[in-house]
Amino acid sequence: QVQLVESGGGLVQPGGSLRLSCAASGSIFSINNVDWYRQAPGKQRELVAGITSGGSTNYAESVKGRFTISRDNAKNTVYLQMISLKPEDTAVYYCNAAVKRTRWDIVGGYWGQGTQVTVSS
């Protein structure tokens, strides 16, 4: 089994910063792409940022220049550094990882349980 656990969410004032973590554990041979998504109340889940196994990154237009995704392969952890937060960034943030459990396994997609980010004064 593979588990993804997000952490680092909370309540922050507009203009503030947070760093989210997505830690993978369990039976893991390799982790390929990892993406951060978010879902605000009444809205569809949207892709926020992604990072490949090689470190290439991509971002939604709405967060470019404010969010930075990174990974620590030794810790099986991906981070989302968020600065200049806005009320519209309020959402539950989820990570999704493409994981091979063994050398011969196919890649499977796994989700974490989410972490709440609230930006409000």
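Visitor: How many helices and strands does the protein have?

Guide: This is a predicted model, and in it the protein has 11 strands and zero helices. Read from the N terminus, the elements go β-β-β-β-β-β-β-β-β-β-β.

Visitor: What makes the protein as compact as a globular protein of that length?

Guide: Its radius of gyration is 14 Å, and the globule rule gives 14 Å for 121 residues, so the protein counts as that compact. The C-alpha trace spans about 50 × 25 × 25 Å along its principal axes.

Visitor: Why is Val107 called partly exposed?

Guide: Buried needs a relative accessible area under 20%, and exposed needs over 50%. Val107 has 42%, so it falls in between and is called partly exposed. You'll find Val107 in the loop between β9 (91-100) and β10 (108-111).

Visitor: Which residues does Val107 touch, not counting those up to four places away in sequence?

Guide: Those are Asn32, Ala98, Val99 and Lys100. As for Ile31, it is 76 residues from Val107 along the chain, yet their C-alpha atoms are separated by 8.7 Å.

Visitor: What makes β1 and β7 edge strands?

Guide: Look at the open sheet of four strands, in the order β1-β3-β8-β7, with antiparallel pairing. β1 (2-7) and β7 (67-72) each pair on one side only, and they are its edge strands.

Visitor: How do you know that β7 and β8 pair?

Guide: Pairing takes at least two bridges. Six bridges join β7 to β8 (residues 77-82), so the two count as paired, and they run antiparallel. For instance, Thr68 has Gln81 in β8 as its bridge partner.

Conventions:
Residues numbered from 1 in each chain as written. Predicted model: local features only at pLDDT ≥ 70, side-chain atom pairs only at ≥ 80, totals over all residues. Heavy atoms only, no water. Buried < 20%, exposed > 50% of the residue type's maximum accessible area, 1.4 Å probe, protein only. Contact = heavy atoms within 4.5 Å. Rg over C-alpha atoms; globule rule 2.2 N^0.38 Å.
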